[in-house]
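Please look over the model below before reading my notes.

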Amino acid sequence: VIVPTETNIEVFFIQVKASVYKPWKSTKRNGHNFNGLEHALKQTTKDIDTFFDITSILIKENLKKVSVKFFAVLHNVDSPENLCDGCNMIVIDKNDLCNRVNLSKKLNIPGKTSELDSEILALYKMLVGIYAGLSS
């Protein structure tokens, strides 16, 4: 998701993973299965790296106007236990998906902006053109 604000562009990476048990891929720590979360975060890291590899070439001087947020969605997990506060803020679980207030707080997507700086608008159009296609 690419969202323009008055001062920058916010890019959201949201990785959705089902926590289907696969015994040959299971990673357990303290009796809890973190495989879905680990996989989501590894994939998100790859996605963000690719994003910056491409974006840094095209918008070198404007890269400081781009901020990135990322989330891992575990839609069939009630509340992952034993997560630090930082990890808890980037994990969207079943309870968050069922509660708009919690989901809204976690995502913190900026509201509609009345006026955009022409430089921000041009940057937004470029990013949307690269990632969504100019003819979309």
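Predicted model: local features only at pLDDT ≥ 70, side-chain atom pairs only at ≥ 80, totals over all residues.

The numbered points below go through the fold, the packing, the salt bridges, the surface and a few single residues.

1. The chain has 136 residues, and 31% of them are buried. It contains 5 helices and 6 strands. Read from the N terminus, the order of elements is β-β-β-β-α-β-α-β-α-α-α.

2. **Contacts along the chain.** Take the contacts between residues at least 6 apart in sequence. Of these, 64% join residues at least 24 apart.

3. Four strands form an open sheet in the order β1-β2-β5-β6. The pairing is mixed. At the edges are β1 (2–4) and β6 (91–93), each of which pairs on one side only. Neighbouring strands are turned against each other by 25° on average, with direction ignored.

4. **The pairing of β2 with β5.** Strand β2 covers residues 9–17, and strand β5 covers residues 66–74. The two run in the parallel sense and share 9 bridges. V11 stands opposite V68 in β5, and E10 stands opposite S67 in β5. As background, side chains in a regular strand alternate between the two faces of the sheet.

5. **The pairing of β5 with β6.** This pairing is also parallel, over 3 bridges. Here L74 stands opposite D93 in β6.

6. Which strands does helix α4 touch? Helix α4 (residues 100–107) packs on the sheet and touches β2, β5 and β6. Its direction makes about 165° with that of β6. Helix α5 (residues 118–131) lies across β1, β2 and β5. The angle between α5 and β1 is about 170°.

7. The whole structure holds 3 salt bridges. One of them joins K69 to E10, with the closest N and O atoms 3.4 Å apart. K69 sits in strand β5 and E10 in strand β2, 59 residues apart. Are the two partners buried or partly exposed? K69 has a relative accessible area of 22%, so it counts as partly exposed. E10 has 13%, so it counts as buried. The cut-off for buried is under 20%.

8. **Salt bridge from loop to helix.** The side chains of K65 and E119 meet in another salt bridge, at 2.3 Å from N to O. K65 is in the loop between α1 and β5, while E119 is in helix α5. The two are 54 residues apart. E119 is partly exposed, at 39% relative accessible area.

9. **Salt bridge between helices.** D96 and K106 also form a salt bridge, at 2.7 Å from N to O. D96 belongs to helix α3 (residues 94–97), and K106 belongs to helix α4. They are 10 residues apart. Both D96 and K106 are buried.

10. **Surface.** The accessible surface of the chain comes to about 8,900 Å². Carbon and sulfur atoms account for 53% of that area. A nonpolar surface patch of about 510 Å² is made by I54, I57, L58, M126, I130 and Y131. Helices α1 and α5 each supply at least two residues of the patch. Y131, one of the patch residues, is found in helix α5. Its relative accessibility is 36%, so Y131 counts as partly exposed.

11. **Helix α1 and T45.** Helix α1 spans residues 35–58, and T45 is found in it. T45 is partly exposed, with a relative accessible area of 45%.

12. N108 lies in the loop between α4 and α5. The residue N108 is partly exposed, at 49% relative accessible area. The limit for exposed is over 50%, so N108 stays in the partly exposed class.

Terms used: Residues numbered from 1 in each chain as written. Heavy atoms only, no water. Pairing = 2+ DSSP bridges. Axes fitted to C-alpha atoms, helices over the stretch in contact; angles between N-to-C directions. Contact = heavy atoms within 4.5 Å. Buried < 20%, exposed > 50% of the residue type's maximum accessible area, 1.4 Å probe, protein only. Patch = residues over 30% accessible without salt bridge, like charges linked within 9 Å, V, L, I, M, F, W, Y side chains within 5 Å. Areas by Shrake-Rupley, 256 points an atom, 1.4 Å probe, with all protein chains shown as cover. Salt bridge = Lys/Arg side-chain N within 4 Å of Asp/Glu carboxyl O.
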